[in-house]
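Hi there,

I'm passing a structure on to you, along with a few notes on what turned up in it. Please have a look at it first, and then read on.

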Amino acid sequence: STAGVLVVVLRPFTRLMSARARVHVRAHGELTGEVARTTRMAMEFRAFGVGDAVADHLRSVSSAVGEGGERIRRLGRFARNVYRDLAVLLLVVAVFVMSTVSKIDVVAFGSVVLLVVRAVNGAQSTYEATVQRRELEPYLTTIRQDLAHLEANQEPTGDRPMDGFRRIVAS
């Protein structure tokens, strides 16, 4: 129940992280495309004297992509810290409620605290795995889309196996 409350409270963080991760994946893909185009056209850029401007552009795009990734990582760390702090706060509230409701048996109290701490640790591990999955999900989606595109656009292949290669002779 405590873990459920924490997950619900932190749901906006995980949604924001997913949205930012999708934007980051798109930006990363665009950067990759820019690098590929720049590589193909490097000689032309040099010939027309625009190599420095293109390099500056690539540096700024690369920097923006890196900053986006760092924002995602900071948000993930923040969410994890909020989760941990809320769990400790709930534990303190539970201790306070237990102490006001009845006389506390120290052994029973210690057992309850131990169980709650273990439950919170397990829930935090689950939450961290969820955060990591949300961070990586856009990459997996992109890979799946690329694979589906490649499979749908395969070149037709012949229906006979080759025996081997023969010598190629210019005619």
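Leu115 sits in helix α4; helices here are DSSP runs of H or I with at least four residues, numbered from the N terminus. With a relative accessible area of 60%, Leu115 is exposed (exposed is over 50%, buried under 20% and partly exposed in between, using a 1.4 Å probe and protein chains only). Between the C-alpha atoms of Leu115 and Ser125, which are 10 residues apart along the chain, there are 15 Å.

Do keep in mind that this is a predicted model, where local features need pLDDT of at least 70 and side-chain atom pairs count only at pLDDT 80 or more, while totals for chains, interfaces and linings use all residues. Residues are numbered from 1 along each chain as its sequence is written, and side-chain values use heavy atoms, without hydrogens and water.

Now to the helix pair. Helix α3 (residues 51-101) and helix α4 (residues 106-152) have axes that come within 10 Å and cross at roughly 160° (axes are lines fitted to C-alpha atoms over the stretch in contact, and angles run from 0 to 180 degrees between N-to-C directions). α3 is therefore roughly antiparallel to α4, a term for angles over 145 degrees.

Finally, His24 belongs to helix α1 (residues 2-40). His24 counts as buried because its relative accessibility is 13%. Beyond its neighbours within four places in sequence, His24 is in contact with Val65, Gly68, Gly69, Ile72 and Tyr139, contact being heavy atoms within 4.5 Å.

Best wishes

Note on methods. Helices (H or I, at least four residues) and strands (E, at least two) are DSSP runs, numbered from the N terminus. Angles under 35 degrees count as roughly parallel, over 145 as roughly antiparallel, 65 to 115 as roughly perpendicular and the rest as oblique.
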